[in-house]
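Please look over the two chains below before reading my points.

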Amino acid sequence: MQVQAKDIIIIVILVTIVFLVAAAFLLLYINMYNNRKKKHILEKQAMQTTFEQNLLQSRLEMQEQTFDTISQEIHDSVGQLLSLAKVQLSIAEQNVTTDKRLLSEIKNNIGNALNDLRDIAKSLSSERLHQLCFSQAVEQELQRMSRTNLFEVFFTKEGEDREITEQKKIIIFRILQEVLQNILKHAHANEVVVRLVFHEKEFTTDVSDNGVGFVVEDVNMQADGLGLRNMIARTSLIGGTVSIQSKPGYGTHITLNIPYE
Amino acid sequence: MAHSIPFPITCVFEFICFLVSVLSLRERNKKDWIRYFPLYLFFVFAFDLYGYIESKFIHAQNNYWLYNCFKLIDGWFCFLILYKISATYYTKKIVYILEMTLGASVFIYEAITIGFSQYFRLTDLTNNVCVIFSSLMYYYYLLKDDEMIKLSVSTPFWIVAGFFFFSFGSITTSLFFKYLADINKQLGIPVRYIIFIAINLILYSCWSYAFICRYKQRT
């Protein structure tokens, strides 16, 4: 009995100790795992903060570029029209008799200036972007561009419009505006084709022109290439990709692939 | 060998833990599960003290009936607390009801088959297994959750840790209960008593620390 009792005592004590040690290790493991989880959450938060900072930075940069565009457009179109109207009004002032034709011209010029101002306001308004779906916003922007009569615009859409987050919509729309502005300023194109394709998980925005084209690598290396590099950086910020194909004399083809989520 | 009833040192741990709970949980929220603890600890302390006095001075034949009834209430309390703590992560009332029903069923079964003059070993084991299961469920959901928690100062974590250690540690004594009772009777070696001192020390240390954590979070 005594030997058996000793055995039982040893077994009970040992098993209890083993159980307690196992429990302690389990809690230790839980604590370690929790610490790792905490680290992971902190890293995720840091990444999220960086992402938001980059996004904000991009929006600020785009805002800055947009201001430049407004200033240029006001100077080139609205400013010219209003200056002309002013000169015409001075002439009309000097004339004793009322020149109906001149007054009608002044009226037209002021009307055109007002239309241009409205177009500029529309193209800049984020509110308008919120109200429209992406393809509608693109279509309106292209109509505005075509009114410059500098090139002919062709627009096609494949698939049904899908919901795109506001952030993405604004960024991609501003990128597209920048692409169109570049065509307007540098490409000397007379034909621009814009194609929107809504796939299942992503959408493609395709812009091609028949302008002078350029050597992609060269532009990337130059200070002028900042716009292209920004475009690539902003697209990757919203999880998308950009493909730029261009050759001197053969126009430019830019493709943006953006995931919905 | 003479079989003497040693003073239950666990009463001292229980009383200290009770004092800590009273001092730390003074301004507790009425909806907070932790408010049950001072009352429960006082009940456990008074119960253990009464059990000792009864065996030592009233010379009752045995007080297993008292501890058997206590086991049932104790089990229900543990299930309730674990259910309330786990409710932060998941609400599975069915688990709580099943555990309570299982504990009560085994208790009734033992009451019918072996009577109140014997220790309800199976009830004890069932309670322990259920508590371990609920504790592991809590830990599983705690790790699965996305919220960031500092475990070293988390009150629920330490409360469950106390339950977990106690249940894990007392499983062996429940399994070998008969042998240990014989050994105690014949050789006077209170193995179960010694083990219980150790696991009660761990249990009440974890709980006291949990109450202090709650107190520190409040102030």
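**Notes on cores, contact and sheet**

1. In the largest nonpolar core, of 49 residues, B:Leu82, B:Val160 and B:Phe165 touch the most other members. Such a core is a set of buried Ala, Val, Leu, Ile, Met, Phe, Trp, Tyr and Cys residues joined through C-beta atoms within 7 Å. Buried means that 20 or more other C-beta atoms lie within 10 Å of a residue's own, with C-beta atoms placed from the backbone. Helix 8 of chain B gives the most to this core: eleven residues. Helices here are DSSP runs (H or I, at least four residues), and strands are runs of E, at least two, numbered from the N terminus.

2. The model is predicted: local features need pLDDT of at least 70, side-chain atom pairs count only at pLDDT 80 or more, and totals for chains, interfaces and linings use all residues. Residues are numbered from 1 along each chain as its sequence is written, while chains are lettered from A and ligands numbered from 1 in the order in which they are written.

3. Now the contact between chains (C-beta atoms within 7 Å, placed from the backbone). Chain B brings 21 residues and chain A brings 18 residues. Helix 6 of chain B supplies the largest share of the chain B side, eight residues.

4. Chain A has an open sheet of five strands, in the order 1-2-3-5-4, with mixed pairing. Strands pair if DSSP finds at least two bridges between them. Strand 1 (152-158) and strand 4 (241-246) of chain A are the edges.

5. Strand 4 and strand 5 (residues 252-259) of chain A pair in the antiparallel sense over six bridges. A:Thr241 stands opposite A:Asn257 in strand 5 of chain A.

Definitions and conventions:
A residue is buried if 20 or more other C-beta atoms lie within 10 Å of its own, exposed if 12 or fewer, and partly exposed in between; C-beta atoms are placed from the backbone. Two residues are in contact if their C-beta atoms, placed from the backbone, lie within 7 Å.
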